[in-house]
Amino acid sequence: MRPDLFEAPDYYNLDDLLSEEHKLVRDAARQWVKRDISPIIEEYAQKAEFPKQIIKGLSEIGAFGPYIPEEYGGAGLDQISYGLIMQEIERGDSGVRSTASVQSSLVMYPIYAYGSEEQRKKYLPKLASGEFMGCFGLTEPNHGSNPSGMETRFKDKGDHFLLNGAKLWISNSPFADIAVVWAKNEEGRIHGLIVERGMEGFSTPETHNKWSLRASATGELIFDNVKVPKDNLLPGKNGLGAPLGCLDSARYGIAWGAIGAAMDCYDTALRYAKERIQFGKPIAATQLQQKKLAEMITEITKAQLLAFRLGQLKNEGKATTAQISMAKRNNVEMAIKIAREARQVLGGMGITGEYSIMRHMMNLESVITYEGTHDIHLLITGADITGLPAFQ
Ligand code: TGC
Ligand code: FAD
């Protein structure tokens with residue numbers, strides 16, 4: 001892959017709205033991506049392997065639990081800093097951002113928000129440092145968009161719970177030390193359980209042959225009569241609202257992350273269009289390529305403003321699930337469209353691993369599907385504005 005020459009677009013001077021801390025956090029993540037992700041990511045994506053050596057760096061830039069209080073090992077930052085970190089990481093690769101999203105919003109957040117004080121102290125500092133990696137098991141073979149139908153169950157056996165079932169499409173599962181697993185009790189109520197690698201009957205087979213998120217490890221979680229200690233149940237919240245509350249936080253991070261992927265595609269296409277000569281002039285001097293580039297920067301700017309305002313609402317504790325859905329849906333679609341257009345600006349070169357665009361484009365096919373599909377987020381908005389849920 002070519003050297004990383006990325007220059008971040010900021011057409012509406014969004015930097016003027018950021019605090020010094022936001023800029024410091026953002027710039028540290030940006031430098032780290034340039035130094036530790038860009039030079040290696042294409043190779044790892046091509047060989048479909050997660051680069052485990054980056055875990056320490058992710059922890060050092062505050063990507064594991066950015067908004068978790070420092071007393072539990074988190075970075076104690078606000079929601080805009082969290083968003084900016086996700087933006088910078090996804091500028092490098094959506095799969096790397098996935099690892100950080102899962103660790104922060106789907107593993108650390110539920111332990112912080114719904115866990116006991118003992119669980120917080122036992123797991124959060126190790127998750128923040130990367131000593132422990134986690135995964136989140138909600139989706140099942142027969143229940144993706146409708147997790148309320150989940151079949152994974154646990155029974156109370158007196159001194160422990162007995163867990164049976166299976167989860168599919170689980171980011172980080174092949175190497176995770178712990179899994180936050182959502183399962184129904186004998187009354188059919190959904191609870192979160194912390195399942196640890198090494199528990200008898202628990203296995204995590206890897207899912208192969210992905211054309212998307214190739215640098216992220218995805219797998220299954222199989223529970224075959226797993227004895228889970230009673231201390232591993234998250235006591236603070238139950239019902240479907242518990243896992244959905246975690247998704248709010250992860251989807252918010254994706255709304256920012258997708259901007260990073262789009263910025264990288266735009267920046268690459270702009271530079272290439274100015275350098276590539278056809279018919280005796282740079283292709284950037286043609287109206288057709290200018291239309292593509294002008295529309296890209298317009299859409300990126302709109303997405304940045306949406307994410308920034310959502311960040312303010314999140315900081316004030318006012319962001320609704322439907323507002324988060326709108327931003328996730330809009331920004332991921334914006335990014336995928338920009339990746340497709342940017343690839344065309346590069347002509348044949350756009351399909352090679354010399355440039356990041358094709359990798360972003362394929363990654364974004366997962367991003368537009370996970371954490372609620374594009375359709376599901378539209379239906380969340382529809383239900384919010386009409387008061388009439390149309391899921392069934
Ligand atoms: P519904 O009746 O709407 O809600 C059930 C209960 O939950 C409450 N609730 C929420 N609570 C907190 N936060 C939220 N965001 C909430 N949304 C809903 C709700 O009030 C209700 O509470 P109660 O007390 O009345 O029972 O549920 P539904 O079954 O109709 O489903 C609605 C729907 C379709 C929107 C929901 O199921 C959904 O979002 N489906 C999409 C599934 C999804 O997003 N899965 C993601 C899996 S994790 C993942 O993809 C990780 S990828 C990570 C990576 O690599 O980056
Ligand atoms: P389905 O729910 O079967 O949907 C198929 C199609 O039907 C979609 O187009 C959908 O929009 C549409 N559809 C569904 N319901 C409706 C409706 N009511 N009205 C109209 N259209 C509808 N899950 C986890 O729990 N943890 C993870 O870490 C995780 N990581 C993932 C990583 C990757 C790379 C991928 C691809 C997925 C991951 N997922 C994870 C799962 C992800 O959340 C699901 O794939 C997603 O929620 C969709 O579920 P599904 O694939 O079963 O599709």
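User: Hi! What kind of model is this, and how are residues numbered?

Analyst: It is a predicted model, where local features need pLDDT of at least 70, side-chain atom pairs count only at pLDDT 80 or more, and totals for chains, interfaces and linings use all residues. Residues are numbered from 1 along each chain as its sequence is written, chains are lettered from A and ligands numbered from 1 in the order in which they are written, and side-chain values use heavy atoms, with hydrogens and water left out.

User: Great. Which domains does the chain have?

Analyst: The assignment gives domain 1 (14–129), domain 2 (134–232) and domain 3 (241–386). Such bounds come from an automatic or database domain assignment.

User: How many residues of domain 1 and domain 2 are in contact?

Analyst: On the domain 1 side there are 25 residues in contact with 18 residues of domain 2; contact means heavy atoms within 4.5 Å. The centres of these two domains, taken over C-alpha atoms, are 23 Å apart.

User: And what area do domain 1 and domain 2 bury between them?

Analyst: About 1700 Å², with 65% of it on carbon and sulfur atoms. Buried area here is the accessible area (1.4 Å probe) that two parts lose on being put together, summed over both.

User: How many salt bridges cross from domain 1 to domain 2?

Analyst: The rule finds one salt bridge across that interface. A salt bridge is a side-chain nitrogen of Lys or Arg within 4 Å of a carboxyl oxygen of Asp or Glu. There are also eight residue pairs in polar contact between domain 1 and domain 2, both residues being at pLDDT 80 or more. Helices H1 (20–46), H4 (94–114) and H5 (117–129) each supply at least two residues of the side of domain 1 that touches domain 2. The largest share of that side, 11 residues, comes from H4. Helices (H or I, at least four residues) are DSSP runs, numbered from the N terminus.

User: You said polar contact. What does that need?

Analyst: A pair of N or O atoms within 3.5 Å; within protein, one must be able to donate a hydrogen and the other to accept it, and residues adjacent in sequence count only if both atoms are side-chain atoms.

User: New topic! How many salt bridges are in the whole structure?

Analyst: The search finds 24. One of them joins Arg91 and Asp4, with the closest N and O atoms 2.7 Å apart. Arg91 lies in helix H3 (residues 79–92) and Asp4 in the segment before H1, so this pair ties together parts that are 87 residues apart in sequence.

User: Are Arg91 and Asp4 buried or exposed?

Analyst: Both Arg91 and Asp4 are buried. Buried means under 20% relative accessible area, exposed over 50%, and partly exposed in between (1.4 Å probe, protein chains only).

User: What about Glu316 and Lys318?

Analyst: Their side chains meet in a salt bridge (3.0 Å, N to O). Glu316 counts as partly exposed because its relative accessibility is 45%, whereas Lys318, at 52%, counts as exposed.

User: Last one: what is the nearest side chain of opposite charge to Arg251?

Analyst: For Arg251, that is Glu371, 4.4 Å away, and Arg251 is buried yet has no salt bridge. In this count Lys and Arg are positive and Asp and Glu negative, while His and the chain ends are not counted. The backbone oxygen of Glu371 lies 2.8 Å from a polar atom of the Arg251 side chain. Arg251 itself sits in helix H6 (residues 241–275).
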